[in-house]
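Please read them alongside the coordinates.

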Amino acid sequence: MKRAERFSIANPHVQAFRAAHPNYQPGALSSAQGRRIRAVSHPCLPPLARIRNRLMCADTPDLTTTDKTEPEYKDTLFLPRTGFPMRAGLPQREPGWLERWERIGVYDRLREKTGRAPFILHDGPPYANGHLHIGHALNKTIKDMVVRSHQMMGHDARYVPGWDCHGLPIEWKIEEQYRAKGLDKDAVDTIAFRQECRRFAEEWVGIQREEFKRLGVIGAWENPYLTMAFHAEAVIADEFMKFLMNGALYRGSKPVMWSPVEKTALAEAEVEYHDHTSHTIWVPFAVVSASDFENNGACLGADLLSARVVIWTTTPWTIPQNRAVAFSETIAYALYCVTETAENSAAKPGETVILAEKLADEVFRAAKVTGYDKLRSVSPDELRALTLAHPFRGIEGGSGEWDYDVPMLPGEHVTDDAGTGFVHTAPSHGDDDYQLGLKFGLPMTYNVEPDGTYRADLPLLGGQAIILPNGKEGPANVSVIKALAATGTLFAKGKVKHSYPHSWRSKAPLIFRNTPQWFAAIDRPLDDGLDAHGATIRERALASIDELVKFTPVSGQNRLRSMMQTRPDWVLSRQRAWGVPLTCFVRKGAKPEDVDFLLRDEQVNARIVRAFEAEGADVWYRPGFKGEILAGLHDPEAYEQIFDVLDVWFDSGSTHAFVLRDRADGVPDGIADVYLEGTDQHRGWFHSSMLQGCGTMGRAPYRNVVTHGFTLDEKGMKMSKSLGNTVVPAEVIKQYGADILRLWVAQADYSVDQRIGPEILKGTADSYRRLRNTLRFLLGSLADFDESERVPAAEMPELERFILHRLAELDGIVRDGYARFDFQHVFQQLFQFCTVDLSSLYFDIRKDSLYCDAATDPRRRAARTVMDLLFHRLVTWLAPILPFTMEEVWLDRFPSENGSVHLEDFPRAEGAWFDPELALRWETIRRVRRVVTGALEVERREKRIGASLDAAPTVYVAEPETAALLASVPFDEICITSGLAVETGAAPDGAFALDDTPGVAVVPRLAPGGKCARCWRILPDVGTHAHAATCARCDEALG
RNA sequence: GGGCUUGUAGCUCAGGUGGUUAGAGCGCUACACUGAUAAUGUAGAGGUCCGUGGUUCGAGUCCACGCAGGCCCA
């Protein structure tokens, strides 16, 4: 474009402006509001009125007509020109960019870039059930920022999203549907049931996929991984069989949280605690004998033989399963004699009982005992010596079922906080009980059926239900209580309201029930030759935690370690239908401890895997499948097929195998660079993946564990529907757009719990607007930028070189921050750069040059060069955080059919720009500038000036070096004044100064001369040029 | 009840090894500009650093005990 054209009325800038402002009348804008003439009170200032009058003369011609005597210079300026809207309209516009990315295939095109080191963030699979909540959005957004930033830093950052598809919640949904139709789950074919579960999961995968994509998350959405894919099911089974072959797998028996209503065991995560009113009973156990204690140096009083030991329990139905009474070696016990009772007391005067001293009062009160004597203390050694009778011993109709001895056993879990100080122990119905049973070899009982009824052949109580199918209490408790009362073994009874486990689905109460389970041994040396980091799963896990994995934040290391140090064996089996079966066979008639109990045959395993690959895990349930698999190898009749399914944590713990190891977009060693999940996953996916990896690969399947906290409401309280303080991602997107939600993520410290709410989101949107306007100004200022305008850095003014220095500095900050997954720091630095260095300093100063300088002016060319560099960096640096907006900005400048900022890398760092000495000089310059602006602010408040261009202050500087520094730069330009004098030496009295900037003082003055009608600077030479109302620079620019 | 963890301006966050009047940005208020204009600039107000004890010449920073949250267990 020729120079003359730029300034003619045919100037495209002008045309564009006219088009955008059809009602615009030249001159009307500046005159409509009128210019106030202000009184001038400062004695050393020239009369402002004179200047104003002159201005008025210039402005005064008939304003109602376009027939002016003076040109409208606005049309000759390079004002920012852009169609980039100030208001984003993200909710409406974001889907358009999503479509574009899909159309131009951004993810696939990034994969085509060659020569890049892979960077693998392995996705922890969300459960395919329900719409996304804020936690999902947070998690996927952080992941996306990690993936995008590493891609743009030069990696091949692939991201394969996944879903966890098996498990109870889906199973339950299908069961619910069955119930609604009046069907019984048990009457339905397992394969048909599983297929319904599969369809359910598929549907939610589809829904969640769209919801995740809407957040702007880039990844292999068309080819995600699902734990229910046939290959995945085959691999999960194969991985399980590694545990079968390496010796970790064993069958044990364990009381588990059991839902009689759902006839299934529940994982801990599936249990919720609600208040529940239970029967409480105090049951005296008679002493039947005592071992000889003289050898122990203790003396057993004969008085104990006639006494009874009282236990307390809230689960009367467990009494028939009692096998021991536990006591503590650290509690003080005593022998008491009942002397007086209330009318309706079950206790009788004269009877003697043993109780914890601290609890005796309470117990007697409950038993309505009105008088009692403490006879003497009872020592732990005495207690240990006692053998008790089951309260049902000799009961009529009991057929001798309960005629066994009940030992007294010491237990660390016994306290005297509540109860009697003695703990009724039923190893099949409680965890402490089970542990005590393991330690002392107590027999397990099998009295309770899956539906919560006593086994039919249990004397007296057979078939009675503990919990009814509708979740209400059955008759079992009351029957037991009656039987106790009838046999004189009920000391007291009552009711208590307490926190009790319930099913998270059916909300029905749970019981602890002994069930056969499959375990992975954590401390058994494995026979797999993968001992580089230890022989057992626990050793390998601890070694991984300490040596192989980096934790962000570091506290995760302790957290995972302490869990690994103390965790028991892994219970792999669940009594469910929707999952990958434990693909193994046990020899009929063999006991778990027999060497040939489990069928261990690689050929069998291979057949299973092949079948699963072809048809999925459903084949396991096909009639005759056992025969097919064992045919020609083993006698199918000699083996029993296992129909438990694997803990879903085993599924997700195995994802590294079927995603990282097996997929073309995986990695050769099958180890991920990053696992990134919420802090709850220390107990979950990090944990199960660690156990699984240590059992199958000998180490953790990851190198980095990054955790984020939970999202709370604005007050820091947990979100809950009942409190009405939830924030749903879909609604945030609808109101503000995904980029605002992403910005919220970037502004928060995700390593701890974050808060979100209306006020916080509003603040986030405010920040966004500020940033958006900075970019808009860049776009406007770069209109028609041409490569030929570029100026080498060395030829640029100091101000430009300072900005370049900041860019060099930021390059390091941004790359380092992204490498550390610290988006908050990256964003904070970039945002503050935009506001502090750009908007309020650089842009403000350079507006004059950008608007008014001739196109060829080196100053303007340097500014535009820097702005172009700024543009490339800011837009790419922010792209991982604000992918939609940065795409909009990028395309506004570089419109194209198939381009995208997300195909770019961060521009290479320019080391030569880094100039700390210059930065130091600018620190001083800016400090002095603050004094100048401060001084002008006083003038403005006193109505002596309006714009800073009205002034031409004098700056008094004590230090000559500082004066020299200021003289070396166009300090008037930097302060946006029409003139400025720097004086060395003492300032006159009354000069403006700031406490924190000693040695600098400013005396404000009105700029002498006339106001250039084009650039608005007030200069003495205005009026002496061809264009009468302009200054020399503008006169020349006008040509 | 146990393990881990958080608490600095209205909001989001900085504040190595304890050391002068606790910082930034946003928001707010006022002023200015009206050629970034539902924008921009300048200035200002705003903090019992969760509380209480303690160590110390000196504590937001160290210790103890609490309070209020959060995650995971019991």
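1. In β19, the residue bridged to F519 is V571. Strands here are DSSP runs of E with at least two residues, helices are runs of H or I with at least four, and both are numbered from the N terminus. Two strands pair if DSSP finds at least two bridges between them.

2. On provenance: this is a predicted model, in which local features need pLDDT of at least 70 and side-chain atom pairs count only at pLDDT 80 or more, while totals for chains, interfaces and linings use all residues. Residues are numbered from 1 along each chain as its sequence is written, chains are lettered from A and ligands numbered from 1 in the order in which they are written, and side-chain values use heavy atoms, with hydrogens and water left out.

3. The β17–β19 pair is part of an open, antiparallel sheet of four strands, ordered β6-β5-β17-β19. Its edges are β6 (264–265) and β19 (570–571); each has a single partner strand, so one side of each is left without a neighbour in the sheet.

4. A second open sheet has five strands with parallel pairing, in the order β2-β1-β24-β25-β18. At its edges stand β2 (156–158) and β18, each pairing on one side only. On average, neighbouring strands of this sheet are turned by 20° against each other, direction ignored. Within the sheet, β24 (residues 672–678) and β25 (residues 702–708) run parallel and are joined by six bridges. The bridge partner of E677 in β25 is T707.

5. Which peptide bond is cis, with omega near -5°? The bond from T552 to P553 is. P553 lies in the loop between β18 (550–552) and α16. A positive phi, near 70°, is found at L460, a residue other than glycine. L460 sits in the loop between α13 (431–440) and α14 (476–486). Both features deserve a check, because most residues other than glycine have a negative phi, and most peptide bonds are trans.

6. RNA strand B has 61 residues around it, of which G716, D753, R776, Q832 and Y851 come nearest; a residue is near if one of its heavy atoms lies within 4 Å. Of the atoms of RNA strand B that come within 4 Å of the protein, 81% belong to sugar and phosphate. By class, this surface has 22 nonpolar, 15 polar and 24 charged residues. Nonpolar means Ala, Val, Leu, Ile, Met, Phe, Trp, Tyr, Cys and Pro, charged means Asp, Glu, Lys and Arg, and the others, Gly among them, count as polar.

7. Which helix gives the largest share of the surface near RNA strand B? α26 does, with 13 residues. At least two residues each come from α16 (555–566), α24 (758–781), α26 (823–852) and α29 (916–941).

8. A polar side-chain atom of R683 lies 3.3 Å from a sugar or linking oxygen. For G946, a backbone N or O atom is 2.8 Å from a sugar or linking oxygen.

9. α24 packs against helix α28 (residues 883–893) at an angle of about 15°, with axes 11 Å apart. Axes are lines fitted to C-alpha atoms, for helices over the stretch in contact, and angles run from 0 to 180 degrees between N-to-C directions. α24 and α28 are therefore roughly parallel to each other, the term for angles under 35 degrees.

Conventions: Polar contact = N/O pair within 3.5 Å; in protein donor to acceptor, adjacent residues only side chain to side chain. Parallel < 35°, antiparallel > 145°, perpendicular 65-115°, else oblique.
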